[in-house]
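Please read this briefing alongside the sequence and the coordinates. It begins with the terms and then takes up the sheet, its helix and the chain as a whole.

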Amino acid sequence: VPRANRIQVAILGAQGRLGSLITQEIESYPTVWGDPFLVTRSTPQTEAVFSALLECDLIIDASLPSVATGWISKLQKHAKKKKVQLPSLLVGSTGWTPAQLKVLKSCSHNSLVLKSDNFSIGIGLLKAAILSVAAQLAELGFESTLIETHHRGKKDSPSGTARMLCEAAKPKMRGNPPNTISIRSGTVVGRHIWNAEGNGESLIFSHEAHDRRVFACGAAQVGQWLLKQRKQPASFKKWRGKILSMDAVFNSTKTS
Ligand SMILES: NC(=O)c1ccc[n+]([C@@H]2O[C@H](COP(=O)([O-])OP(=O)(O)OC[C@H]3O[C@@H](n4cnc5c(N)ncnc54)[C@H](OP(=O)(O)O)[C@@H]3O)[C@@H](O)[C@H]2O)c1
């Protein structure tokens with residue numbers, strides 16, 4: 001397959017737990033993806049590196065918000081100087097501050113940007129299940145608690161996924177999202193339990209990722225979806241200026 005027909009991708013944080021799995025996933029489909037450009041802690045921020053990044057179709061961030069904003073804001077300056085558009089951005093790192101999100105938002109005018117704290121398909125379905133009953137749970141007096149457990153190396157707390165689930169449910173729960181309990185222990189890849197206690201009965205929704213490869217596989221699928229949107233002028237226009245979430249992907253697969 002000629003280079004021009006394969007997706008050129010760069011991975012920020014390519015040697016990390018998530019980044020190395022995304023790299024493996026991409027390298028296992030060489031007819032779809034070109035050789036990924038791997039950005040690690042030792043990659044120098046030179047003119048040549050920024051030029052190579054600007055030639056990519058997609059940048060996947062699997063590093064940290066501070067690392068990603070450092071790269072992205074400098075890349076924006078190079079893109080402006082060269083009068084070219086930014087590659088599409090797929091952001092997987094978690095724990096972004098409002099100031100860091102501003103940097104991402106500014107890219108969305110010159111690119112397509114999708115940010116997800118959890119690339120697994122099952123979490124999207126967990127969210128849909130919770131949202132379908134959140135209003136009734138609040139109305140009927142169930143007390144909800146979100147318990148999330150992750151390996152001891154996870155840096156942010158509560159997890160981005162827990163925040164996302166609470167934020168989504170908040171408007172349906174009269175503005176009172178559940179309390180969150182975070183556990184950092186062992187090697188747990190990611191477990192989210194929504195526990196609703198009623199009078200003499202409990203309702204429990206849970207999701208557990210058993211293998212980090214679900215995130216890598218999801219990232220590759222969502223990356224391809226993003227590039228498809230970018231190629232269609234109507235979709236590009238519709239999504240420009242926004243930081244997309246997995247909702248955009250789920251909603252488009254529901255209607256297609
Ligand atoms: N969206 C999802 O589905 C999903 C799933 C899992 C995790 N995550 C999130 O993804 C992020 C990464 O998680 P992880 O478990 O892979 O963490 P990790 O293993 O610590 O990976 C982060 C990587 O970024 C690298 N890095 C640090 N400074 C850098 C720099 N200046 N330039 C380039 N790379 C740099 C680190 O290098 P060193 O090792 O040299 O420090 C490390 O390899 C976290 O925010 C996590 O919460 C998201």
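Two strands pair if DSSP finds at least two bridges between them, and helices (H or I, at least four residues) and strands (E, at least two) are DSSP runs, numbered from the N terminus. This is a predicted model, in which local features need pLDDT of at least 70 and side-chain atom pairs count only at pLDDT 80 or more, while totals for chains, interfaces and linings use all residues. Residues are numbered from 1 along each chain as its sequence is written, and side-chain values use heavy atoms, with hydrogens and water left out.

**The sheet**
- Leu146 stands opposite Thr180 in S7, and strand S6 (residues 143-150) pairs with S7 in the parallel sense over six bridges.
- Four strands form an open sheet in the order S7-S6-S8-S9, with mixed pairing.
- Strand S7 (179-184) and strand S9 (202-209) each have a single partner strand and stand at the edges, so one side of each is left without a neighbour in the sheet.

**The helix across the sheet**
- Helix H5 (residues 121-139) lies across S6, strand S8 (190-197) and S9, and runs at about 165° to S9; axes are lines fitted to C-alpha atoms, for helices over the stretch in contact (heavy atoms within 4.5 Å), and angles run from 0 to 180 degrees between N-to-C directions.

**The whole protein**
- The secondary structure comprises nine helices and 10 strands.
- Along its principal axes, the C-alpha trace spans about 65 × 40 × 35 Å.
- Of the 256 residues, 47% count as buried, meaning under 20% relative accessible area (1.4 Å probe, protein chains only).

Terms used. Buried means under 20% relative accessible area, exposed over 50%, partly exposed in between (1.4 Å probe, protein chains only).
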